[in-house]
Amino acid sequence: MSGEDNLLRLVETEEPDETSYHLQNQVGFILRKVNQRHVAIFAAHIADLTPPQFAALAKLYDIGETSQNQLGTLIAMDAATVKGVIDRLKARGLVELSKHEVDKRRLLVNLTEEGREAIERLIPLARTITEETLAPLTAKETATFLRLLSKLA
């Protein structure tokens, strides 16, 4: 039996006990392990971008040009983090920055042609990453899992 199977068995069978604390049953610990697994799968398929960089490219592909701050909000990153992500993508020629026509303090971000081509190549890999991450679950379990996670987000 694998470590994950043991963990699942413990979580499923242990009765809640308000006086004890088992790390392996804690939501943060389980989410961290799942995230580590997902990031490893991601890195095996997309080695030249980080998940936050991919998220920025994918969201820009979805919505087109937007402000740097709005992009950060849409991909759940604070202003400092999204700035670093955008700076690295710009250095690689995947995004371009421009000033807003009216509010010159506002930076707009958009995909370059190279960025658009890159994300179009990567989207099929991203689907594979999702499938591999969710592979231990049935289709019904996947739907329930994603619905429940969305409630926590």
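Helices here are DSSP runs of H or I with at least four residues, strands are runs of E with at least two, and both are numbered from the N terminus. What you have open is a predicted model, where local features need pLDDT of at least 70, side-chain atom pairs count only at pLDDT 80 or more, and totals for chains, interfaces and linings use all residues. Residues are numbered from 1 along each chain as its sequence is written, and side-chain values use heavy atoms, with hydrogens and water left out.

**Stop 1: the whole chain**

Start with a cartoon view. How many helices and strands does the chain have? Going along the sequence, they come in the pattern α-α-α-β-α-α-β-β-α-α.

A residue is called buried under 20% relative accessible area, exposed over 50%, and partly exposed in between (1.4 Å probe, protein chains only). Of the 153 residues, 27% count as buried.

**Stop 2: the sheet**

Select residues 66–67, 95–99 and 107–111. These are β1, β2 and β3. Together they make an open sheet in the order β1-β3-β2, with antiparallel pairing. That puts β1 and β2 at the edges, each with a single partner strand, so one side of each has no neighbour in the sheet.

Two strands are said to pair if DSSP finds at least two bridges between them. β1 and β3 have two bridges, while β2 and β3 have five. Then pick valine 95, whose bridge partner in β3 is leucine 111. In general, strands of a sheet pair through backbone hydrogen bonds, either parallel or antiparallel.

Stay on β3 for a moment. Is this strand mostly covered or uncovered? It is mostly covered, as four of its five residues are buried.

**Stop 3: salt bridges**

Next, show side chains. A salt bridge here means a side-chain nitrogen of Lys or Arg within 4 Å of a carboxyl oxygen of Asp or Glu. By that rule there are three salt bridges.

- Select arginine 92 and aspartate 48, whose side chains meet in a salt bridge at 3.5 Å, N to O. This pair links distant parts of the chain: arginine 92 is in the loop between α5 and β2, aspartate 48 is in the loop between α2 (27–45) and α3 (51–63), and the two are 44 residues apart. Arginine 92 is partly exposed because its relative accessibility is 35%.
- Select lysine 59 and aspartate 62, with their closest N and O atoms 4.0 Å apart. They are three residues apart in helix α3, so about one helical turn separates them. Lysine 59 is partly exposed at 24%, and aspartate 62 is exposed at 56%.
- Select lysine 83 and aspartate 87, where the closest N and O atoms are 2.7 Å apart. These two are four residues apart in helix α5, which again means about one helical turn between them. Lysine 83 is partly exposed at 41% relative accessibility, and aspartate 87 is also partly exposed, at 33%.

**Stop 4**

Go to alanine 76, in the loop between α4 (68–74) and α5 (79–91). What is its phi? The angle is near 60 degrees, a positive value in a residue other than glycine. Alanine 76 counts as exposed because its relative accessibility is 72%.

**Stop 5: two surface patches**

Patches are built from residues with over 30% relative accessible area and no salt bridge, joining like charges within 9 Å and nonpolar side chains (Val, Leu, Ile, Met, Phe, Trp, Tyr) within 5 Å. Accessible areas come from the Shrake-Rupley method with a 1.4 Å probe, and for residues only the protein chains shown count as cover. For charge, Lys and Arg count as positive and Asp and Glu as negative, leaving out His and the chain ends. Each charge is placed at NZ of Lys, CZ of Arg, CG of Asp or CD of Glu.

Select Glu113, Glu114, Glu117 and Glu120, which gather in a surface patch of negative charge. Glutamate 113 sits in helix α6 (residues 113–134), and it is exposed because its relative accessible area is 52%.

Finish with Val34, Leu137, Phe145 and Leu146, which make a nonpolar surface patch of about 280 Å². Phenylalanine 145 lies in helix α7 (residues 139–152) and is partly exposed at 30% relative accessibility.
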